[in-house]
Amino acid sequence: MSAPPPPEKPLRVMPWWLALLGLLLAGLLGWLVLDWLLGEADRAVQPDTRATLRVDAIRTGLTVVAGTGGGLALLFAARRQWISERGQRHQEAVAARDQAHRDRVQAHAEAVAETAARQQERQSTAAEHDAVERRLTELYVRAIELVGSDNPAVRLGGLHALERLGQDNPGQRPTTVAVLCAYLRMPAPDDPREREVRRTAQRMLTRHLRAGQETWWPGIALDLTGARLDGFDAAGCTLVDLDLTGAVCTGTTSFAGAVAHGRLRLTADFADVVFDGLTGDAEIVLDDARVTGRASFDRADLGGALSCRDASFGSFSLFAAVLRQPSTFDRATFAGAATFRKTMFLGGLSMEHTRFAGYAGFRRVRFADLALFRWTEFGAEAWFEGARFEGGTNFGRAVFHAGAHFDGAELARRPLVDQARAAASATHVWPPDVTVTRRDDDWLVLTDP
């Protein structure tokens, strides 16, 4: 920013007597010159010469007077020109200051107008927001009233109203899901119409968990603790932090092809449960779960840990699956056949105190880390044919009530079999370097070298 110009000195008005004094000085100068020249002319001897010189002296005196007056006139003209230029500069400076002042006034007016416009816009936006919120609140309250009706058909309409509210307003989706989950957690009366309403609520939840569709609601977690679900179908869904603790799931509960993140708490009672093709990095917790029918993890690719401590299963299938983190089946019970064929346990497997009442198949299973079967009880045939044990293996205190088959099994280390027992009446194929002695007519004992 340039510095302001210095202030000009005030203009003084020329007094009238100064012009008169200049004229008098010009006349005096002319008279003196004339007097001097006439005196010189009078010295001439010849009368003609004297007359000529006197004429010349008069002419010269007049010329001096005229020249002096002309000089004064030029001086006055120069002063007028300077005064005119200074006046012009002053007018321009005044005009510039006036323009700057007008610009400041205009800028201030525009700023005030812009501030007023913004304030008006904020007030309008706030009013619009309040109107929208009031409208959403009214719709929400109305939908809740419908859901609380004694008539199942009216409740069904209320659920659809809630779903539409969540679909049209993303900010209301967590609330909508929470209400649907709370409805499913409520006690279910034994009424066919009510069962249909609850199945509709289930479908509403899972419909919005399938990625890539217009109805997808990302980032939604389901809290279904203690709920009663019938044929809960989350196949192909994207699940984040699902909680089924204490839930009762009748029919077939399906997570086939789902993508799971966070933690799946599945300590529930299931009739049949399907995890075929499940992927993701979620930790899956089935501790204390009860599956009266079939549980299946065929071709699943689990990036998180799998915990099935104290769980009970009817039949169980973990075919050609990949488990990348530690898997635990400690104290689990398998009432029917259990197959783990071609599965890869990349993070280790623990089956301590586990009980297999039926067939236990570990054919061509890859144990990339520890494989613990201590105190495990095999009630029927146990097949480890072609299995690969790449880490430590421990069958200490295990009990084989039927044949144990390790045909073609590959063990990177000698297995530990401390005091494991096997039925003497069955046919067994043990890994190399396993010492087997007969304890009595019924049991064989396996000991470490």
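I looked up Lys342 first: at 33% relative accessibility it counts as partly exposed (buried is under 20% relative accessible area, exposed over 50%, partly exposed in between, with a 1.4 Å probe and protein chains only). This is a predicted model, where local features need pLDDT of at least 70 and side-chain atom pairs count only at pLDDT 80 or more, while totals for chains, interfaces and linings use all residues. Residues are numbered from 1 along each chain as its sequence is written, and side-chain values use heavy atoms, with hydrogens and water left out.

Next I checked where Lys342 sits: in the loop between β17 (338-339) and β18 (344-345) (strands are DSSP runs of E, at least two residues, numbered from the N terminus).

On to the rings. I got 35 aromatic pairs (centres within 6.5 Å; planes under 30 degrees apart are stacked, over 60 edge-to-face, the rest tilted). Phe297 and Phe316 make a tilted one, 5.9 Å centre to centre with 40° between the planes. Phe297 is in the loop between β10 (290-296) and β11 (301-302) and Phe316 in strand β13 (residues 312-317), so the pair ties together parts 19 residues apart in sequence. Phe297 is buried at 0%, and Phe316 is buried at 2%.

Last, I noted that Phe362 and Phe384 are stacked, because their centres are 4.8 Å apart and their planes at 0°. Both are buried too.

Conventions:
Helix = DSSP H or I, 4+ residues; strand = E, 2+ residues; numbered from the N terminus. Phe/Tyr/Trp six-rings, centres within 6.5 Å; stacked < 30°, edge-to-face > 60°.
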